[in-house]
Amino acid sequence: MTYRQDAIDALERAKIELASSEYHRLKYGVLELRFAIEMLSYDKLSWLSEKTDISEFKSWQPDKVVRLVDQFLPTSSINGTLTIHDSDKKEIFSGKTRALQLIDIKKNYHALGSFLHSLTIEKRETPDDEISSKINQKCKEIIPTIESILSCQVYGLRFGSDVEFDCHNLRCKKKIFTQIAPGNEATHIECLHCQTEYKLTPDGKHVNIDPKLFMRDCGAGECKGLLKFFTMDVGEKAVCSDCESEAIIIKTQLNTDFIDEKIIEKPEKNETILTVYLK
Ligand SMILES: [Zn+2]
Ligand SMILES: [Zn+2]
């Protein structure tokens, strides 16, 4: 059973419930439509799970899931027509693709959720058929969107150049996967595990990988070297490229309204403690 099939089944059940004029059954129709949207978003997440570890994100809600997948599979939210030509430029296939997009969730998922509460005192005074017709109206707007996603000729389209590398942050080193859409000059992504940010720039057949670094003066003795940090999180270490002193970020009790840093001690061997005064 795939998430897509689950979405198809939920949509069918929704239609049956929504055909009823009874308020208590309409609520189940609303619920099934929400399930269908959830299943479509989890299906998108499963495409990413083929390439990278998503275990930390399995409990995420649809909007966060789609935003995450869009970052690493940037073409997975494209709507349009895919046409394939053979070597003689003769068209051999043409089909429409309709993807679940963030806007579909923002517009529909939360709107459906608003029907899933017990009636407020104010709404209890509204006639039942007026509430039922409101629910039916909203669902009638949403069903075609879900149907067009489920029935499009090219479902699950995603393409681009695959890029894979180990996170440069020494505390992480986890595998990072992303796709770069054709024609994209630069892509910005974030490591899913340590949040180090990267700028990826295609350069011919290669891709330049530039992590965003926080540069700090080494300051050990007379050293003029630099320490390169990836996230500036407490506990992150960096080794000076000049004197090879190791620095670690530790949290202080000081609550100041500026950010500054200084070396406070040099306890043993080449180890240096860097204290960052956090806001
Ligand atoms: Zn990382
Ligand atoms: Zn140094």
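## Sheet and helix packing in a predicted model

Strand 5 is joined to strand 6 (residues 197–203) by 4 bridges, and the two run antiparallel. Glu-190 has Glu-197 in strand 6 as its bridge partner.

Strands pair if DSSP finds at least two bridges between them; helices (H or I, at least four residues) and strands (E, at least two) are DSSP runs numbered from the N terminus.

This is a predicted model, in which local features need pLDDT of at least 70 and side-chain atom pairs count only at pLDDT 80 or more, while totals for chains, interfaces and linings use all residues. Residues are numbered from 1 along each chain as its sequence is written, and chains are lettered from A and ligands numbered from 1 in the order in which they are written.

Helix 1 and helix 6 pack at an angle of about 155° (between N-to-C directions, from 0 to 180 degrees). Helix 1 and helix 6 are therefore roughly antiparallel (angle over 145 degrees). Their axes, lines fitted to C-alpha atoms over the stretch in contact, are 11 Å apart.

| Helix | Residues | Contact residues (C-beta atoms, placed from the backbone, within 7 Å) |
|---|---|---|
| Helix 1 | 3–18 | Ala-7, Ile-8, Leu-11, Leu-18 |
| Helix 6 | 128–151 | Asn-136, Cys-139, Ile-146, Glu-147, Leu-150 |

Methods
Angles under 35 degrees count as roughly parallel, over 145 as roughly antiparallel, 65 to 115 as roughly perpendicular and the rest as oblique. Two residues are in contact if their C-beta atoms, placed from the backbone, lie within 7 Å.
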